[in-house]
Amino acid sequence: MRVGEVVAQDADVRIQRKAQADRAAAVAVELEKRPAAKPALAVEIPNMESVTRQIDTFLRSTNRALQFRVDDASGRMVVSITDAATGEVIRQVPGEEALRMAARIDAQIGALLDEKV
(Lines give C-alpha, C1' and ligand atoms only; values in the text may rest on other atoms or scores of the structure.)
Protein backbone atom coordinates (compact mmCIF):
# COMPACT_ATOMS: atom_id res chain seq x y z
CA MET A 1 0.00 0.00 0.00
CA ARG A 2 1.33 3.43 -0.88
CA VAL A 3 1.62 6.40 1.44
CA GLY A 4 -1.01 8.31 -0.53
CA GLU A 5 -3.46 5.40 -0.23
CA VAL A 6 -2.89 5.19 3.54
CA VAL A 7 -3.51 8.93 3.92
CA ALA A 8 -6.68 8.71 1.82
CA GLN A 9 -7.90 5.69 3.78
CA ASP A 10 -7.18 7.48 7.07
CA ALA A 11 -9.15 10.49 5.85
CA ASP A 12 -12.09 8.24 4.91
CA VAL A 13 -12.07 6.67 8.39
CA ARG A 14 -12.05 10.12 10.00
CA ILE A 15 -14.96 11.24 7.83
CA GLN A 16 -16.95 8.11 8.74
CA ARG A 17 -16.25 8.57 12.46
CA LYS A 18 -17.29 12.22 12.29
CA ALA A 19 -20.51 11.24 10.50
CA GLN A 20 -21.24 8.62 13.18
CA ALA A 21 -20.59 11.17 15.93
CA ASP A 22 -22.87 13.68 14.20
CA ARG A 23 -25.65 11.07 13.91
CA ALA A 24 -25.24 10.13 17.58
CA ALA A 25 -25.45 13.80 18.58
CA ALA A 26 -28.58 14.26 16.47
CA VAL A 27 -30.22 11.25 18.12
CA ALA A 28 -29.31 12.58 21.57
CA VAL A 29 -30.90 15.94 20.74
CA GLU A 30 -34.07 14.22 19.52
CA LEU A 31 -34.26 12.11 22.67
CA GLU A 32 -33.93 15.22 24.83
CA LYS A 33 -36.86 16.81 22.98
CA ARG A 34 -39.18 13.88 23.72
CA PRO A 35 -41.39 14.17 26.78
CA ALA A 36 -40.33 12.07 29.74
CA ALA A 37 -41.95 8.67 29.96
CA LYS A 38 -44.75 8.42 32.46
CA PRO A 39 -43.80 6.34 35.50
CA ALA A 40 -45.40 2.93 35.68
CA LEU A 41 -48.36 2.73 38.00
CA ALA A 42 -47.93 0.45 40.97
CA VAL A 43 -50.32 -2.49 41.13
CA GLU A 44 -52.70 -1.94 43.98
CA ILE A 45 -52.98 -4.81 46.47
CA PRO A 46 -56.81 -5.09 46.27
CA ASN A 47 -56.56 -5.39 42.46
CA MET A 48 -53.83 -8.01 42.77
CA GLU A 49 -55.91 -10.01 45.25
CA SER A 50 -58.92 -9.81 42.95
CA VAL A 51 -56.93 -11.04 39.95
CA THR A 52 -55.37 -13.81 42.06
CA ARG A 53 -58.84 -14.94 43.18
CA GLN A 54 -60.07 -14.99 39.58
CA ILE A 55 -57.10 -17.09 38.47
CA ASP A 56 -57.58 -19.43 41.43
CA THR A 57 -61.29 -19.83 40.63
CA PHE A 58 -60.49 -20.68 37.01
CA LEU A 59 -57.80 -23.18 37.98
CA ARG A 60 -60.07 -24.88 40.52
CA SER A 61 -62.66 -25.35 37.76
CA THR A 62 -59.99 -27.27 35.83
CA ASN A 63 -59.01 -29.31 38.93
CA ARG A 64 -55.82 -27.31 39.44
CA ALA A 65 -54.55 -25.28 42.38
CA LEU A 66 -52.37 -22.17 42.49
CA GLN A 67 -49.79 -21.90 45.25
CA PHE A 68 -47.41 -19.11 46.22
CA ARG A 69 -44.39 -19.65 48.45
CA VAL A 70 -40.99 -18.18 49.21
CA ASP A 71 -38.00 -20.41 48.48
CA ASP A 72 -35.92 -20.77 51.65
CA ALA A 73 -32.54 -21.00 49.93
CA SER A 74 -32.89 -18.05 47.54
CA GLY A 75 -35.62 -15.96 49.16
CA ARG A 76 -37.43 -15.73 45.82
CA MET A 77 -41.18 -15.99 45.25
CA VAL A 78 -42.21 -19.30 43.68
CA VAL A 79 -45.57 -19.86 41.97
CA SER A 80 -46.76 -23.44 41.42
CA ILE A 81 -49.75 -24.90 39.61
CA THR A 82 -50.60 -28.33 40.99
CA ASP A 83 -53.10 -31.06 40.25
CA ALA A 84 -55.69 -30.61 43.00
CA ALA A 85 -56.40 -34.35 43.25
CA THR A 86 -52.85 -35.70 43.35
CA GLY A 87 -50.83 -32.67 44.49
CA GLU A 88 -48.43 -33.18 41.56
CA VAL A 89 -46.69 -30.01 40.42
CA ILE A 90 -47.71 -29.28 36.83
CA ARG A 91 -45.81 -26.02 36.38
CA GLN A 92 -43.54 -23.98 38.62
CA VAL A 93 -42.02 -20.54 38.05
CA PRO A 94 -39.11 -20.24 38.55
CA GLY A 95 -38.27 -23.90 38.10
CA GLU A 96 -36.24 -25.96 40.57
CA GLU A 97 -33.12 -25.80 38.39
CA ALA A 98 -33.34 -21.99 38.24
CA LEU A 99 -33.72 -21.87 42.05
CA ARG A 100 -30.67 -24.11 42.51
CA MET A 101 -28.67 -22.01 40.07
CA ALA A 102 -29.68 -18.79 41.88
CA ALA A 103 -28.62 -20.31 45.22
CA ARG A 104 -25.23 -21.33 43.75
CA ILE A 105 -24.70 -17.86 42.28
CA ASP A 106 -25.61 -16.22 45.60
CA ALA A 107 -23.17 -18.53 47.40
CA GLN A 108 -20.37 -17.75 44.94
CA ILE A 109 -20.98 -14.01 45.14
CA GLY A 110 -21.02 -14.26 48.91
CA ALA A 111 -17.70 -16.10 48.85
CA LEU A 112 -16.19 -13.44 46.60
CA LEU A 113 -17.39 -10.61 48.81
CA ASP A 114 -16.33 -12.18 52.11
CA GLU A 115 -13.00 -10.77 53.09
CA LYS A 116 -11.16 -10.27 56.32
CA VAL A 117 -10.49 -6.73 57.40
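**Exercise 1.** Find which residues Gln 92 is in contact with, leaving aside its neighbours within four places in sequence.

*Solution.* Taking contact to mean heavy atoms within 4.5 Å, and setting those neighbours aside, we find Gln 92 touching Arg 69, Val 78, Val 79, Ser 80 and Leu 99. This is a predicted model, in which local features need pLDDT of at least 70 and side-chain atom pairs count only at pLDDT 80 or more, while totals for chains, interfaces and linings use all residues. Residues are numbered from 1 along each chain as its sequence is written, and side-chain values use heavy atoms, with hydrogens and water left out.

**Exercise 2.** Decide whether Gln 92 is buried or exposed.

*Solution.* Buried means under 20% relative accessible area, exposed over 50%, and partly exposed in between, with a 1.4 Å probe and protein chains only. Gln 92 has 15% relative accessibility, and therefore counts as buried.

**Exercise 3.** Describe how the side chains of Asp 83 and Arg 64 meet, and how exposed each residue is.

*Solution.* A salt bridge requires a side-chain nitrogen of Lys or Arg within 4 Å of a carboxyl oxygen of Asp or Glu. The side chains of Asp 83 and Arg 64 form such a bridge, at 3.8 Å from N to O. This pair links distant parts of the chain, since Asp 83 lies in strand S2 (residues 77–83) and Arg 64 in strand S1 (residues 64–70), 19 residues apart; strands are DSSP runs (E, at least two residues), numbered from the N terminus. Asp 83 is buried at 17%, whereas Arg 64 is partly exposed at 29%.

Key
Helices (H or I, at least four residues) and strands (E, at least two) are DSSP runs, numbered from the N terminus.
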